Amino acid sequence: MKRKKILLLFLCTLFASCTKNKDQSKLLITGSSTIAPLIADIAKAYEKSNAVKIDIQTGGSSRGIYDIRKKLSHIGMVSRALKKSETDLEAHLIAYDGIAITLHKDNPVNELTKEQIVSIYTGKIKNWSELNGNKARISVIHKAAGRSTQEVFLKFFKLKDKQIKATSIIGDNEQAIKLLASDPNAIAYISIGTIEYYISQNKNLKMLPLNTIVPSSENVRKGIYPLARELNLISHKSTQLHPEALKFIKHITSKKMSSKIMEYYFVPSN
Amino acid sequence: MLSLSGLSLSVISFMLILLLLLKESYLFVSSGVSFWNNLWFPLEGEFNILPLLTTSISLSLLACCLVVPLGTSIALFSLNQNRIENTVYKKILHILNSLPSVVIGFWGIMILVPFLRNFGIQGPSFLSGVIVLSLMVLPTFIFLFMQSIENISKSYEETAKSLGISYITYAVKILLPVSYPAILSSFLLSLGRALGETIAVLMVTGNIVSFPSKITEPVRSLTANIALEMAYAMDMHRSALFLCALVMMFILLVLYIIVLKLQKNMSSTFIEGGA
């Protein structure tokens with residue numbers, strides 16, 4: 001009798017999980033850790049007025065592309081322009097962003113040339129004293145493979161991942177900020193939007209000018225900052241976009257969201 | 001009947017996982033791409049499991065070697081039935097055991113790594129990985145060890161007390177020599193746990209692929225590598241990651257078979273069975 005009861009309970013729980021919630025649809029958005037905080041913020045407000053549950057996960061732009069191709073997610077977040085080989089994907093441009101070389105505020109070095117940055121990242125310059133800084137080893141923070149911040153950075157400086165000699169590899173932007181904030185001898189390249197947002201709240205990091213142009217969302221908007229990139233939401237070209245996903249993308253690219261995008265120090269596309 | 005179904009469920013899930021690993025890594029194995037060339041640069045077609053494997057093994061071995069003397073002394077101390085504080089120690093150990101991997105990794109990156117900076121170690125390193133791993137593995141070792149020798153300890157302790165031997169003499173001169181096989185099997189099982197640890201190690205070791213040369217340099221473990229890249233790996237790269245997982249599973253299997261053989265020997269030595 002006891003065995004029958006256990007079996008009955010087990011079958012009940014199995015079937016109970018089979019019901020579908022017809023009222024709410026779900027959206028899964030995965031990809032770039034640069035875009036994720038902005039989308040998460042917009043989604044929170046969007047959920048209040050629409051019957052849809054939005055789930056956002058990071059993992060890098062390459063994860064965004066992979067999940068869309070394998071139909072594991074509805075929308076992908078990619079923080080760069082699509083490559084020529086990515087013909088099966090469609091990009092919805094939402095904003096522009098830049099990548100800034102960032103140091104700790106207490107680091108006496110205030111400017112680095114392109115050649116110096118390349119030397120630091122390929123391990124030729126190992127000590128800040130060679131750049132008129134403190135006598136300390138440079139902690140080089142590099143992004144993991146598959147992140148478009150890394151791809152854009154490497155392309156701009158004409159480097160290959162193999163050539164980089166780093167002291168630590170991180171995944172999301174937040175990890176880079178944590179490492180940088182606790183180490184005055186570290187150097188990293190981080191999205192301008194993320195860094196400006198962080199600096200507006202904690203003032204212990206600083207961005208370095210590139211080719212004498214100061215990194216700021218203003219300069220990205222003007223188009224004069226050299227290391228700029230697009231922020232895209234991607235979907236599959238051939239498969240029909242989920243109607244809720246289409247609604248959400250239209251909502252993000254509408255004029256109403258421009259101020260929200262600027263709050264995160266990105267440059268809206270319209 | 002219920003235990004049989006539980007047993008078959010675990011055997012079936014194990015076989016399914018093994019089959020999945022074999023199926024997914026077949027692509028890489030059959031392509032003939034070298035698995036021990038240069039370093040790990042998957043986007044440029046270079047795969048080399050050796051630096052990752054040696055890092056994982058050396059991290060775990062070192063962490064477990066640190067844990068054995070510390071864990072044995074804590075366990076022997078806690079087995080003393082007289083002292084009331086021992087229940088408190090056991091509760092603290094349970095809490096340490098239940099801390100999620102991510103929490104300890106977070107502690108490592110926010111407190112341990114800046115602390116090590118005072119000793120000239122810049123940033124995440126092999127050493128911080130070892131320290132964090134030992135923290136994770138210590139409760140496991142202690143509980144396994146205590147489980148193995150609790151039965152013997154109870155009977156021996158009564159005899160020792162009646163002879164008027166102090167607890168410390170009893171623990172060091174009588175209990176410790178008898179418990180060497182238990183230490184060995186607990187060590188091997190903790191080694192298996194340490195090998196599988198992913199998130200804590202990923203957060204504090206710096207994730208640079210290289211053969212571990214200096215303890216102050218950053219490294220990347222095999223499990224951290226799989227966790228970092230699995231989300232977006234495609235085709236050959238994905239297959240290579242599955243092959244890494246297969247190698248890890250094989251090593252753990254060998255470890256557990258050794259432990260089983262050891263425990264068989266143990267139970268024939270003691271009158272009352274071990275773990």
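**Cysteines and overview**

At 1% relative accessibility, C64(B) counts as buried, a class that means under 20% relative accessible area, with exposed being over 50% and partly exposed in between (1.4 Å probe, protein chains only). This is a predicted model, in which local features need pLDDT of at least 70 and side-chain atom pairs count only at pLDDT 80 or more, while totals for chains, interfaces and linings use all residues; side-chain values use heavy atoms, with hydrogens and water left out. Residues are numbered from 1 along each chain as its sequence is written, and chains are lettered from A and ligands numbered from 1 in the order in which they are written.

- C244(B) counts as buried, with a relative accessibility of 0%.
- Over all chains, the count of disulfides (pairs of cysteine sulfur atoms within 2.5 Å) is zero.
- C64(B) takes part in no disulfide, and the nearest cysteine sulfur, which belongs to C65(B), is 7.2 Å away.

**Chain B as a whole**

- Chain B has 10 helices and two strands; helices (H or I, at least four residues) and strands (E, at least two) are DSSP runs, numbered from the N terminus.
- Along the sequence, the pattern of chain B reads α-β-β-α-α-α-α-α-α-α-α-α.
- Taken along the principal axes, the C-alpha atoms of chain B fill a box of roughly 70 × 55 × 30 Å.
- Chain B has 275 residues, of which 45% count as buried.
- Among contacts (heavy atoms within 4.5 Å) in chain B with a separation of 6 or more, 75% come from residues 24 or more positions apart.

- S221(B) sits in the loop between α8 (199–204) and α9 (222–229) of chain B.
- With 2% relative accessibility, S221(B) counts as buried.
- The side chains of S221(B) and T223(B) make a polar contact (3.3 Å). The term stands for a pair of N or O atoms within 3.5 Å; within protein, one must be able to donate a hydrogen and the other to accept it, and residues adjacent in sequence count only if both atoms are side-chain atoms.
- A polar atom of the S221(B) side chain lies 3.3 Å from the backbone nitrogen of A224(B).
- Apart from neighbours within four places in sequence, S221(B) is in contact with L52(B), T55(B), S56(B), L59(B) and V201(B).

**Where chain B touches chain A**

- In chain B, 23 residues are in contact with 23 residues of chain A.
- About 2,200 Å² is buried between chain B and chain A, with carbon and sulfur atoms giving 60% of the area; buried area is the accessible area (1.4 Å probe) that two parts lose on being put together, summed over both.
- On the chain B side, R117(B), Q122(B) and Y232(B) lose the most area to chain A, together 27% of what that side buries.
- Two salt bridges are counted between chain B and chain A, each being a side-chain nitrogen of Lys or Arg within 4 Å of a carboxyl oxygen of Asp or Glu.
- R137(A) and E217(B) meet through their side chains in a salt bridge (3.8 Å, N to O).

**Helix α5 of chain A**

- In helix α5 (residues 148–156) of chain A, seven of nine residues are buried.
- The buried residues of α5(A) are S148(A), T149(A), Q150(A), V152(A), F153(A), L154(A) and F156(A).
- Elements covering the buried residues of α5(A) include α3 (61–69), β4 (89–104) and β9 (228–236) of chain A.
- K158(A), with a positive phi near 55°, follows α5(A).
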